[in-house]
Amino acid sequence: MRAVIRRNKQLICDEIPELTPGPGQVLVKTLACGICGSDLHALHHMEHMIETTRRASGGDAGTFNPTADTVFGHEFCAEILDHGPGSPKTLKAGTRVVSVPVTMTASGIEALGYSNALPGGFAERMLLTEAMILEVPNGLPTDQAALTEPFAVGAHAVAKAKLDKDSVCLVIGCGPVGLAVIAGLKAKGHGPVIASDYSPRRRAAAEMLGADVVIDPAKESPHARWDSFGVPTARAAQQMARMMGKTFGQPVVFECVGAPGVLQHLIEASPAGSQIVVAGVCMETDKIEPAIAITKEIELTFVFGYTPDEFAMTLRQLSEGVIDVSRVVTGKVGLDEVAQAFVTLGDPEAHVKILVEPGR
């Protein structure tokens with residue numbers, strides 16, 4: 001079968017061996033799979049990503065070899081083709097499904113998209129764990145169902161935020177992660193949500209997904225709006241307000257850029273007592289000044305991924321229209337066009353989200 005393979009830091013469309021489902025597995029046809037920002041980074045910096053994973057996990061990052069062939073793709077919607085031996089076949093062949101992108105095998109767990117043993121969604125077919133697949137409900141279109149995984153990332157960031165009924169939220173960066181956070185906040189009824197990005201296209205997408213205020217930081221500081229929403233920025237002003245019996249919402253800032261220097265800037269610019277939820281993945285060594293964060297009593301919360309429950313909740317929200325992603329996908333490509341799509345996505349004005357359709 002055909003697949004797009006990362007080989008020698010390039011994307012090559014080639015043939016790979018066919019798959020046979022084992023016990024507890026299903027063979028699926030990939031219908032659509034999103035290109036994630038982590039895919040863009042991994043193309044050229046996979047070795048560094050795996051090294052940081054090893055350091056974060058106490059030296060254990062499994063048996064994955066970042067220099068060997070890898071088929072990316074972890075944001076997918078697929079159709080069941082066949083079941084492994086002894087399967088209960090709860091969902092029949094022809095059912096459209098999504099899944100948390102991990103597959104159980106006889107030798108352990110394979111992270112789809114970051115595996116040498118099993119292909120991810122940039123292949124015509126995949127193997128999934130039957131117990132983990134979820135049927136796409138309510139006739140949700142395939143291209144929207146494929147967005148379950150990236151929008152679950154936003155749901156997890158929101159779940160980790162210490163939001164109250166009066167919270168004011170600022171989302172810095174409106175790429176895929178920032179858009180997912182905005183959607184997750186509005187799905188839970190939170191607001192106002194301020195969104196900031198230099199890109200006009202991304203600002204338009206933020207507004208489309210429900211941001212209450214959209215700011216171009218080249219023209220206005222996104223931190224200039226705190227007082228207008230009733231949040232004093234200085235610690236002394238906050239203490240005075242409390243002594244006068246006034247209340248104000250918890251300021252929560254979502255860092256969704258993942259570039260060096262952004263976190264330090266937010267520590268300096270955010271209101272005293274803010275929680276900064278770090279969802280952007282900075283892959284470089286960065287520097288912060290803890291004394292400023294201490295003096296302002298800034299809380300830093302680092303988030304990653306999502307839980308299975310958050311994944312299932314996100315699928316339900318998409319299918320019920322709680323989160324409207326009908327205009328998020330701005331491009332679709334076949335396997336032969338994936339390499340060029342990676343280049344195109346380097347320009348934030350070109351696309352919001354590109355899906356790979358292996359059957360295209």
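## Cysteines

Buried here means under 20% relative accessible area, exposed means over 50%, and anything in between is partly exposed. With that in hand, and remembering that this is a predicted model, take C13: at 30% relative accessibility, C13 counts as partly exposed. C282 lands in that class too, with a relative accessibility of 26%.

A disulfide needs two cysteine sulfur atoms within 2.5 Å. For C13, the closest cysteine sulfur belongs to C33 and sits 14 Å away, which is too far for a bond.

## Nonpolar cores

The largest nonpolar core takes in 46 residues, and F151, V171, V181, I182, L185 and F254 have the most contacts inside it. Seven elements each put in at least two residues: α3 (148-160), β10 (168-172), α4 (176-187), β11 (193-196), α5 (200-208), β13 (251-255) and α9 (308-319). Helix α4 gives the most to this core, with six residues.

Setting aside neighbours within four places in sequence, F151 touches L179, A180, A183, L209, T314, I323, V325 and V328. There is also a second, separate core, made of 43 residues, and I16, M46, A78 and M126 are among them.

## Aromatic pairs

The count of aromatic pairs comes to four. One of them is F72 with Y114: the ring centres are 6.2 Å apart and the planes meet at 40°, so the pair is tilted. F72 is in the loop between α1 (37-56) and β4 (75-83), while Y114 is in the loop between β7 (108-111) and β8 (125-129), so this pair ties together parts that are 42 residues apart in sequence. F72 and Y114 are both buried.

Then there is F122 with F342, where the centres lie 6.3 Å apart and the planes are at 85°, so the pair is edge-to-face. F122 comes from the loop between β7 and β8 and F342 from helix α10 (residues 338-344), so to speak a link between distant parts of the chain, 220 residues apart. Both of these phenylalanines are buried as well. Ring pairs join F72, Y114, F122 and F342 into a cluster.

## The second largest pocket and helix α7

The second largest pocket holds about 270 Å³ of space. It is lined by 16 residues, and the closest to its centre are I172, S196, Y198, P217 and V257. Which helix gives the most to this lining? That would be α7 (residues 262-269), with three residues.

Helix α7 also has a buried side to look at: V262, L263, Q264, L266 and I267 are buried. The elements covering the buried residues of α7 include β10, β13, β14 (275-278), α8 (290-296) and β15 (299-302).

## Cavities

Rolling a probe the size of a water molecule over the atoms shows where empty space is left. Across the whole structure, two cavities of 30 Å³ or more show up. The largest cavity has a volume of about 70 Å³.

Its lining is made up of L147, P150, F151, P176, L179, V328, V352 and K353. Helices α3 and α4 each supply at least two residues of that lining.

Methods
Residues numbered from 1 in each chain as written. Predicted model: local features only at pLDDT ≥ 70, side-chain atom pairs only at ≥ 80, totals over all residues. Heavy atoms only, no water. Buried < 20%, exposed > 50% of the residue type's maximum accessible area, 1.4 Å probe, protein only. Core = buried A, V, L, I, M, F, W, Y, C linked by side-chain atoms within 4.5 Å. Helix = DSSP H or I, 4+ residues; strand = E, 2+ residues; numbered from the N terminus. Contact = heavy atoms within 4.5 Å. Phe/Tyr/Trp six-rings, centres within 6.5 Å; stacked < 30°, edge-to-face > 60°. 1 Å grid on protein atoms, 1.4 Å probe; cavity = no way out; pocket = protein on both sides within 12 Å on 5 of 7 lines; lining within 4 Å. Points joined across faces, edges and corners; volume = space filled by probe spheres on them.
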